[in-house]
Amino acid sequence: MSHDLPQWGSLLIIPAGAVVLFLLKKFIFRLLRKWTERTEGKWDDLIVEALDRPVTLFLLAGVVGLLPPFLSLSDNWQRTIGLLARLLAIFGFALFIQKILLELHRRYVSNHESFKNYSSLIRVFITIGVYALFLLIFLDTAGISITPIIASLGVGSIAIALALQDALANLFSGFYILIDKPVRVGDFVKLESGDCGYVESIGWRGVRIRLLPNNIVVIPNSKLSGSVITNYHYPDKEMAFTVDVGVDYSSSLEKVETVTVEIARDVMKSVTGGIPGFEPVVRFHTFGDSSINFSVALRAREYTDQFLLKHEFIKRLHQRYQKEGISIPFPVRTVYLQKET
């Protein structure tokens, strides 16, 4: 009976010591949080919050690790308790690294709106990667050979990659699109098919584009990254466009140029979407079959504004040409008919 008293005493001392340690840890972290609130930096807040639960696990691992010396246990139980203490400590390290990485990821995403669609997926990858790595470390410290596990993971990864080839291609192409930014959410783009529209979202599988008829087309990331795309919002939304015009051969080209530039300037200043400070340009370029043809260069704030600008420019130019007596000829073709004798 006298032999059992020290053991029962130890069983009381260990929990009491654990309670004291946990209360001391809580008090220290309360002081640390008050200190970090007075500092301007954010890294100290991050480290204190990331250490809170891991330190609890470290203390718990220490308490569990002290049990075998105070208790008369078999070798198997001592080995099991030792592994449990080691697992708690390694899990604490994993939890600390996970919290740091997730917080860094959160701060990066908050400054890069385009990565928000991938946020949850990246968080899952971070969590799985961290705990898988620390699980392998625990197995190695426990004396379990991890070489066969790593080899199996390699073979399994190849099999999974082959089975999910299209999905992985879209996933990594999506990362390329987000990092290289050939297109961004809100950009107006033209596809190889000739369709035009606004980029609605960039996801891990594909890009959603709202076409001008208000339909949504979904393009897989792998196809989009390998195709030729015209981005009308890069590097700037403003864009130049031309309107082709033809006048009669009898027209005074000096007068035609003066009148056309006047109308173009007025359109640039008064029509929504025009650039008031832009100087329109007229360039004659072709002796056509029935007219002298030229182009008028105008400028719009963005791609869709050109339609209203062209509409108003053609209306006002036609009205002014009629007033000035400038003729826009119809196509003329002379046909010679030969009589049969």
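Helices and strands here are DSSP runs, helices of at least four residues and strands of at least two, numbered from the N terminus. With that convention in place, I turn to the structure, which is a predicted model.

I begin with two features of the backbone. Most residues other than glycine have a negative phi, and most peptide bonds are trans. The peptide bond from Y234 to P235, however, is cis, and its omega is near 0°. P235 sits in the loop that runs between β5 (230-231) and β6 (239-247).

Next, I consider a pair of helices. Two packed helices are described by the angle between their axes and the distance between the axes. For helix α9, residues 253-270, and helix α10, residues 305-324, the angle is about 140° and the axes are 10 Å apart. α9 is therefore oblique to α10, and the crossing is right-handed. Which residues of α9 meet α10? On the α9 side they include V256, V259, I263 and V267, and the α10 residues that they and their neighbours in the contact meet include L309, F313, L317 and Y321. Sorted by class, this contact has 10 nonpolar, 2 polar and 7 charged residues.

Finally, I come to the second largest pocket, which holds about 160 Å³ of space. What lines this pocket? The lining consists of L46, E49, A50, K99, L102, E103 and R123. Two elements, α2 (43-65) and α4 (75-111), each give two or more residues to this lining. By class, the lining has 3 nonpolar residues, 4 charged residues and no polar ones.

Conventions: Residues numbered from 1 in each chain as written. Predicted model: local features only at pLDDT ≥ 70, side-chain atom pairs only at ≥ 80, totals over all residues. Heavy atoms only, no water. 1 Å grid on protein atoms, 1.4 Å probe; cavity = no way out; pocket = protein on both sides within 12 Å on 5 of 7 lines; lining within 4 Å. Points joined across faces, edges and corners; volume = space filled by probe spheres on them. Nonpolar A, V, L, I, M, F, W, Y, C, P; charged D, E, K, R; others polar. Axes fitted to C-alpha atoms, helices over the stretch in contact; angles between N-to-C directions. Parallel < 35°, antiparallel > 145°, perpendicular 65-115°, else oblique. Left-handed = near helix turned anticlockwise from the far one by under 90°. Contact = heavy atoms within 4.5 Å.
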